[in-house]
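I opened my notebook to look up charged side chains. I wanted to know how they pair and where they sit.

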Amino acid sequence: MVAMKIRDMKDTKSPGVDGIPPKLLLEIVEQISIPLATVFNLSLEEGIVPLEWKEANIIPLFKKGSRNKSDNYRPVSLTSVICKLLERLIKDHLVDFLVKNKLINPSQHGFLKARSCLTNMLCFLEDVTKWLDEGSPVDIIYLDFKKACDKVPHQRLLLKLKAHGIGNGMINWIEKWLIDRRQRVVVDGEVSNWKAVLSGVPQGSVLGPILFLIYINDLDDDITSNVLKFADDTKVFRKIKSDADRQHLQNDLNKLIE
């Protein structure tokens, strides 16, 4: 399984703080896969995550506007390639468990197999087109949470993992993987001082997206309007034929904010 995950890696990916690139692992896959499997099993059994697996180099990627403003750059996090291999194995296990037990809300279209921006849009268009054909107006509210992944509180995330039926051993490993993380900015070979990461799911990691989906999974609980999500990008919509319908939509918006 480890050898298969190594062969699936792209050799053009950048290494993390440990400096080990995917290309090296691909060249020695036959020799390294069994030792890595032993290390991974020990890490999971003993709940120990090496510090090197919890460090990240932050590379600023320019988006738009003035290059002199830091807000116009998107931070790209480069983490250990070896740790990402173990994360891929854990992610496969988590996703299989969540999908098999139908634990992910069907409103979610992000980071899941056979789900995408396209499936999100098709579901949205099906409902809206039907209502418009009936002659009903439709109100739509678009929500986007600022730096959503960075703000996830670790203890609340761990409680939600437990509520979804994730085993204590796996939760313990994820907790060790989340805490005591640190990162630094790297620009043109120059590095900043290390900074502790106190919250959030690690961006640039493999596990981060699925953990975020679990955290935000109950966002639309007790909401009567239609909800569609792609990660944290959320649409809330319903047909509005009366003032009561408008009030229901407002109430749902209030619940979402709360």
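I began with a definition: buried means under 20% relative accessible area, exposed means over 50%, and partly exposed lies in between. I also noted that this is a predicted model.

I looked up Arg246. Its relative accessible area is 37%. That value falls between the two cut-offs, so Arg246 is partly exposed. Which residue meets Arg246 in a salt bridge? I found Asp243, at 2.9 Å from N to O. Asp243 is exposed, with 54% relative accessibility. I then checked where the pair sits. Both residues belong to helix α9, which covers residues 243-257. They are three residues apart, which means a separation of about one helical turn.

**Entry: counting the pairs**

I recalled that side chains of opposite charge can pair when their charged atoms come close. How many salt bridges does the count give? I noted eight. I followed two further pairs.

**Entry: Lys5 and Asp92**

I looked at the side chains of Lys5 and Asp92. They form a salt bridge of 2.5 Å, N to O. Lys5 lies in helix α1 (residues 2-7) and Asp92 in helix α4 (residues 81-100), so this pair ties together parts that are 87 residues apart in sequence. Is Lys5 buried or exposed? I read a relative accessible area of 12%, so Lys5 is buried. Asp92 is partly exposed, at 33% relative accessibility.

**Entry: Glu55 and Arg182**

I turned to strands next. The side chains of Glu55 and Arg182 meet in a salt bridge of 2.6 Å, N to O. Glu55 is in strand β1 (residues 55-62), and Arg182 is in strand β4 (residues 181-187). The pair therefore ties together parts 127 residues apart in sequence. I checked the cover on each residue. Glu55 has a relative accessible area of 6%, so Glu55 is buried. Arg182 has 28% relative accessibility and counts as partly exposed.

**Entry: a positive patch**

Last, I looked at the surface. Which residues gather in a patch of positive charge there? I listed Lys63, Lys64, Arg74, Lys146, Lys147 and Lys151. Lys151 is placed in the loop between β3 (138-143) and α6 (154-163). Its relative accessible area is 52%. The cut-off for exposed is over 50%, so Lys151 is exposed.

Methods:
Residues are numbered from 1 along each chain as its sequence is written. This is a predicted model: local features need pLDDT of at least 70, side-chain atom pairs count only at pLDDT 80 or more; totals for chains, interfaces and linings use all residues. Side-chain values use heavy atoms; hydrogens and water are left out. A salt bridge is a side-chain nitrogen of Lys or Arg within 4 Å of a carboxyl oxygen of Asp or Glu. Helices (H or I, at least four residues) and strands (E, at least two) are DSSP runs, numbered from the N terminus. Buried means under 20% relative accessible area, exposed over 50%, partly exposed in between (1.4 Å probe, protein chains only). Patches are made of residues with over 30% relative accessible area and no salt bridge: like charges are joined within 9 Å, nonpolar side chains (Val, Leu, Ile, Met, Phe, Trp, Tyr) within 5 Å. Accessible areas come from the Shrake-Rupley method with a 1.4 Å probe; for residues, only the protein chains shown count as cover. Lys and Arg count as positive and Asp and Glu as negative; His and the chain ends are not counted. The place of a charge is taken as NZ of Lys, CZ of Arg, CG of Asp or CD of Glu.
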